[in-house]
Amino acid sequence: MILEQIWMIVWTLLKIVAIMLPLILCVAYATYFERKVIAFMHTRMGPNRVGLFGFRLRGLMQPFADVIKLLTKEIIFPSNANKFLFLIAPVITLATAFAAWAVVPFEDGLVLANINAGLVYILAMTSLGVYGVIIAGWASNSKYALLGALRSAAQIVSYEIAMGFALVGVLVAAGSLNLTEIVHGQQGGIQNWYFIPLFPLFVIYFIAGVAETNRAPFDVAEGESEIVAGFHVEYSGSAFAVFFLAEYANMIIISALAAIMFLGGWYSPIGGDSILATPSVFWFFVKTCVFMYLYFWFRASFPRYRYDQIMRLGWKVFIPITIVWIMVVAIMKVYHLGPWF
């Protein structure tokens, strides 16, 4: 009995490592591909120097060079800063970003914890990340950092409401909070994917996800021209690296959730009996990468919004649209009018 319990603990730890290591590598190379994509759109070269053993390898070792640089830099504590909270803030932000991956199904049966309230758990974990932002801004004892933290917190909370309402429409259509069951509800071809009947919610979800992660064009919390990098302005070295890691981990979880909730998860968009028509983790990764590419595309294309424009878009446009569309979906569900019937 004791051996079985020990084995279960070891097996769970191995599964956690199997998720975390590829995720950390994905985060590292997301920074590389972002710079390459933006450089391509701006007709530049991007990172192309850092290689291995004299080989440039198109700059593929650039993420490792960045990590070594950040880890070897000194962590400087501002005067009169609360050192404990100053250090715990990035840990909170990173821990919540990584913890959300515990319930993400990569394929049918390939999930760490297949709980019934999986979506509620993810929303809870991503919501807790705002505490790290607020604590970082306050503990730094800097007016710039505090202003950036307040801006970021207000923006995250505002767009979480719109994003949550957008996902409520999916829950009404699927009739379940379990992410695996939501994906199963979209089997049978691309015509059964939820992005078709829930298209307004699909668009609002992803735009709200971009805003919640403080990414361009919603990056007023980190507007260098206004508040000198925002809530993490006083951070350096590995402490800053943790914030950087958490931001990209949140981008990936938003993209993965978009693939699961609206685009059929691991189901293939191709019909027939070919290998490409087989549901697999490959399609889940492809769909996630498409949304990550949109993040990079937005950053290369759009100017930054004003803060009042961001708040007006979230409260006066997105939230009313999502509420109306939830009512439409509920009526379709009750009267069996939706395309999934």
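This is a predicted model: local features need pLDDT of at least 70, side-chain atom pairs count only at pLDDT 80 or more; totals for chains, interfaces and linings use all residues.
## How α7 and α9 cross

Helices α7 and α9 cross with a right-handed sense. Helix α7 covers residues 199-212 and helix α9 covers residues 237-262. Their axes lie 10 Å apart, and the packing angle is about 170 degrees.

## Who touches whom

Which residues of α7 and α9 make the contact? On the α7 side they are Leu-201, Phe-202, Tyr-205, Gly-209 and Glu-212. Helix α9 contributes Ile-254, Leu-257, Ala-258 and Phe-262.

## The cysteines

Now for the sulfur atoms. How many disulfides does a search of the whole structure find? The search comes back with zero. Cys-26 takes part in no disulfide, and the nearest cysteine sulfur to it belongs to Cys-289, 7.4 Å away. Cys-289 is likewise in no disulfide, with the sulfur of Cys-26 as its nearest cysteine sulfur. A disulfide calls for two cysteine sulfur atoms within 2.5 Å, and the separation here is 7.4 Å.

Are these two cysteines buried or exposed? Cys-26 has a relative accessibility of 44%, so it counts as partly exposed. Cys-289 reaches 51% relative accessibility and therefore counts as exposed. The cut-off that matters for Cys-289 is 50%, because exposed means over that value.

Technical notes. Residues are numbered from 1 along each chain as its sequence is written. Side-chain values use heavy atoms; hydrogens and water are left out. Buried means under 20% relative accessible area, exposed over 50%, partly exposed in between (1.4 Å probe, protein chains only). Axes are lines fitted to C-alpha atoms, for helices over the stretch in contact, and angles run from 0 to 180 degrees between N-to-C directions. Helices (H or I, at least four residues) and strands (E, at least two) are DSSP runs, numbered from the N terminus. A crossing is left-handed if the near helix is turned anticlockwise from the far one by less than a right angle, and right-handed if clockwise. Contact means heavy atoms within 4.5 Å.
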